[in-house]
There are 2 protein chains.
Amino acid sequence: MVNRVVQIRIGRANSLDTGDADCDCSITLVQIASTNILVDTGGAWAGAELVQSIGDRAGLESKDISLVVCTHGHSDHVGCLALFPNATHIVGRDINLREKYFSTNLRPQDQSINKCIATVDAHGKLKITAPFMNDVVLQVITTPGHTGSCVSVLVQSNEEIVFEYNDGACATMNKVAIVGDLWECENDDDFWPDYSEMSTLQRQSRSFVLKWKPDVIVPGHGPAFTPVE
Amino acid sequence: MVNRVVQIRIGRANSLDTGDADCDCSITLVQIASTNILVDTGGAWAGAELVQSIGDRAGLESKDISLVVCTHGHSDHVGCLALFPNATHIVGRDINLREKYFSTNLRPQDQSINKCIATVDAHGKLKITAPFMNDVVLQVITTPGHTGSCVSVLVQSNEEIVFEYNDGACATMNKVAIVGDLWECENDDDFWPDYSEMSTLQRQSRSFVLKWKPDVIVPGHGPAFTPVE
């Protein structure tokens, strides 16, 4: 079965004259075998649009999502968790299913980069705190900086991945990085530190992702882009 | 009108034999004049119980909540934001209503304690980034440490506040601190640093709250308690 990454929504962040912002995050669907994974949920008012989109774009209902990964715990990323009761929820380094919290063997004060906290293999099977394996298609890894406990989702396959842009255009590729606000958008070099709790750490997390050589990066508040060498 | 604080749920955190945890957070309702404020929402599976409780305890529906404050962005605190579409949402230092993000004039890397990011006055009026005023009943202040952007809710009034425990018992008091995971529970001195991103900062935030001399502290994962001098 072909692995598929679908841009459900392109995130945005526009300054308003009042000093406030018009803002919501990127939402991405990943389909591996028969497992459906949502990366970030948008703010609490994104629900109706989100449910409509996963229906239109992938023929899915909320109940069909079995893993939700929120890259971090900011309000524009976690607002719609309640819509996905059948899913395991990962929010930053938290992993839970109903009342059960899974241990990741990571201390909150451990700010290391690229600790793998969950994987999905080629058969769509989720493992918590599994080490990296060659047959793994999706990894949730620690990429701290924007907050102390941010994570990114790396999708890779030797088989081609179909990447479906928000407008429905498709491309095939082997490596997709869905990074939340590790990047605000393409060409954010001048301002991403303004939104960072720990900019030195975030710079290192960004370098790590670039070294992984993704074909495409999906940032938190802008269109997907191909990183320049 | 009498100000009222209602313990909708007492949070818990129990270790399981597997190394995982059975865990969910305290949920508190504050009523000031005709304004209804919810502090923390629980994990995403708390919704049905939460809606039932605010109905039973206060005769309210979800639509009647006009401010939700999540003390920080961990999954067991933010899970039910989508149930309160009429409310302004505060999650740590994020403040938003629909797509609009309000500026707090705080940088993410500013880890100061007791910056006031929102207030509710005696008439129930919400102000964003207002300074402390004598007629203010509720303040949302920065108390970082557990995460870099945690907040606490301080409720105070020269008129008595009715504090209604989870079992329905009532007491009257003048100062209530609802602190999220700044305290995990009473007598957590031996283990709260294990759950802290920045324990030195969290220790300072705890001292600040104690110096404010609350009659009761509502912790993230245990019953309300009266701090010892």
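In β9(B), B:Lys100 is the bridge partner of A:Asp22. That pairing sits in a predicted model, where local features need pLDDT of at least 70, side-chain atom pairs count only at pLDDT 80 or more, and totals for chains, interfaces and linings use all residues. Residues are numbered from 1 along each chain as its sequence is written, chains are lettered from A and ligands numbered from 1 in the order in which they are written, and side-chain values use heavy atoms, with hydrogens and water left out.

**Strand pairing**
- Strand β3 (residues 21-24) of chain A pairs with β9(B) in the antiparallel sense over two bridges.
- For strands to count as paired, DSSP has to find at least two bridges between them; strands (E, at least two residues) and helices (H or I, at least four) are DSSP runs, numbered from the N terminus.

**Area and contact**
- Chain B and chain A bury about 3500 Å² between them, 54% of it on carbon and sulfur atoms; that's accessible area (1.4 Å probe) lost on being put together, summed over both parts.
- B:Trp45, B:Tyr101 and B:Glu197 supply 22% of the area chain B buries against chain A, more than any other three residues.
- Contact (heavy atoms within 4.5 Å) takes in 43 residues from chain B and 43 residues from chain A.

**Salt bridges**
- The rule (a side-chain nitrogen of Lys or Arg within 4 Å of a carboxyl oxygen of Asp or Glu) finds two salt bridges across the interface of chain B and chain A.
- B:Lys100 forms a salt bridge with A:Asp20, with the closest N and O atoms 3.9 Å apart.

Notes
Buried area = accessible area lost by both parts, 1.4 Å probe.
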